[in-house]
Amino acid sequence: MRATLLPWLLAATLLSSCATVTNPVTGLAERTVMDEKSEIAEGEKGHQQVLKEYGVYNDPKVQAYVNELGQRLARQSHRNTIEWHFTVLDSPEINAFALPGGYVYVTRGIMAYMESEADLAGVIGHEIGHVTARHGAQRATRQQTAGFGVLAASLLGAVLESQGVGGAGQLASQVSQNVAAGYIASYGRDQELQADQLGAEYLARSHYDPQNMVNVITVLKNQERFADDQAKAEGRQPGARSNWLSSHPSNDQRLADITRIAATYPSSQHSDDGRTRYLNTVKGMTFGEGREQGLTRGRNFYHEPLGIAVTAPEGWKIQNSPQSIALLNGPGDAGLVIKTIPPNAGNTHEEIIRKVIQPTQGSVENRTVSGLPATHFVGTRRNQQGQAQRIEATVVSGPANRHYLLAYASKDAAALQRAAAQLREAEASFRAMTPTDRSAARPWVLKLAPYPKGGFQQLAKPSPWGPQAEQQLRLINGVYAGGEPKVGQLVKVIE
């Protein structure tokens, strides 16, 4: 479901021969480039890439809970003889996806917004449905037949192309969508509907109410509504989706379809939605950005494992991705992109500039950035079309013998000139973390509290969310669109 270039997809598109298999769900024969053995093999390859990109959430209790729930649902599926794998990823994204061969993933981000075990079962059941119906293999087969091309881009390429070619506006969008990944087509409407139907069936077989699939979509649509409301309040256009619904048909017809499917199962057979078990499991879970990804607090970004921090100029925003940190100005036409330089890129600043930037000409200036050795480069390189591009970037030697590239990105020369002073300010703030920084770099944690008579307004007073705390609390408790929990009922809070 995440629009990411995974090795299993790349390998599948390169397979040259087809086989005929029987679909476990429909019982019909279908031509495919991936038989079951290939599915499992490619899923394992993709699994390693997923773990590398996201990381596994380091909480054995949560991992065991999700695996047990997933295995229970998988035993009721049409492919209960394959080996299933269920993993919670250490990501704040509101997302879930599956790879062929029985690999299913949920993020801790999506778990924070679920209200019960049955809700999470709805998400997992849907993903199991994609695997049991062989949707990944079907997509790979169609892409091979159609000659579907996979677009791959590197972050540095995006940074360099943005200087006078692509623009920092594009850069902001690319960074927020994980630039280092490629892009693949999402599932078709028929496949999503089938996965919904199968998810509902697996919930019913596992003694959950399929109505919880409706609850899941409603909760996530409220999350989108909140994002849109925030954008409007700040005078921005609603942004692109980067959550579980972004690769799914999110229109009213799909919600109506899910409601219709759920209604075919008698709810009287179901009683316990596992809310108490679920809340006790997610209690203590990291919320939002975590230590391993680095986290934003106001205008500051802290990355404790790397030992670095940076401060955005007034009015600028910080975008954090697995590949980079981007500090972007208000108009989105200029910014500073910070990326860790691989060890094999060189041992000296000059060698790094030569290998990474690959300039055709330019000049260097030795300087220090917050006491760290640095080399500033201004010059030109040739882009993929052979055209000369202006490049401005600084190589900085940071803590633990790591090197960083701080690249100036802009829509055009005029935007670069307008933002020049703030770009220098942003660069100058790059630093090794101080004791004060380390104290501030504390991830938020999801906790439980009885719902007070003063409601969310009372709970919002000590919240770290600031002015939007009440709306955020409504959102994570599934009542953004209205309604109130009962006084004394346990609700989720963030500390």
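This is a predicted model: local features need pLDDT of at least 70, side-chain atom pairs count only at pLDDT 80 or more; totals for chains, interfaces and linings use all residues.

User: OK, and is Arg134 buried or exposed?

Analyst: Arg134 is buried, since its relative accessible area is 3% and the cut-off for buried is under 20%. Arg134 also has a positive phi of about 65°, although it is not a glycine.

User: What about His207, where does that sit?

Analyst: His207 lies in the loop between α9 and α10 (211–233), and its phi is near 70°, a positive value in a residue other than glycine.

User: And is His207 buried or exposed?

Analyst: His207 is exposed, with a relative accessible area of 60%, and exposed here means over 50%.

User: Switching to helices, how far apart are the end C-alpha atoms of α3?

Analyst: They are 22 Å apart in α3, which covers residues 60–75, and this agrees with the 22 Å that its 16 residues should span at 1.5 Å a residue.

User: Which residues of α3 are buried?

Analyst: The buried residues of α3 are Val62, Gln63, Tyr65, Val66, Leu69, Gly70, Leu73 and Ala74. They cover an arc of only 165° around the axis, so they lie on the same side of α3, while Pro60 and Arg75, on the other side of the helix, are exposed.

User: What covers that buried side?

Analyst: The cover over the buried residues of α3 includes the strands β3 (85–89) and β5 (103–107), together with the helices α4 (108–113), α5 (117–132), α9 (189–205) and α12 (275–282).

User: What caps the N-terminal end of α3?

Analyst: Asp59 does, with a side-chain oxygen that lies 3.0 Å from the backbone nitrogen of Lys61.

User: Now strands: how do β13 and β14 run, parallel or antiparallel?

Analyst: Strand β13 (residues 361–369) and strand β14 (residues 372–382) run antiparallel and are joined by nine bridges; for example, Arg367 has Ala374 in β14 as its bridge partner. The two strands form a hairpin with two residues between them, and in that turn Ser370 has a positive phi of about 50°.

User: Zooming out, how many helices and strands does the protein chain have?

Analyst: The protein chain has 18 helices and 19 strands, and of its 495 residues 54% are buried. Taking contacts between residues at least 6 apart in sequence, 66% of them join residues at least 24 apart.

User: And the surface of the chain, what does that come to?

Analyst: The accessible surface of the protein chain comes to about 21400 Å², and carbon and sulfur atoms account for 50% of that area.

Technical notes:
Residues are numbered from 1 along each chain as its sequence is written. Side-chain values use heavy atoms; hydrogens and water are left out. Helices (H or I, at least four residues) and strands (E, at least two) are DSSP runs, numbered from the N terminus. Buried means under 20% relative accessible area, exposed over 50%, partly exposed in between (1.4 Å probe, protein chains only). Contact means heavy atoms within 4.5 Å. Accessible areas come from the Shrake-Rupley method with a 1.4 Å probe; for residues, only the protein chains shown count as cover. Two strands pair if DSSP finds at least two bridges between them. The expected span of a helix is 1.5 Å times one less than its number of residues. The arc is that of the directions from the helix axis to the C-beta atoms. A polar contact is a pair of N or O atoms within 3.5 Å; within protein, one must be able to donate a hydrogen and the other to accept it, and residues adjacent in sequence count only if both atoms are side-chain atoms.
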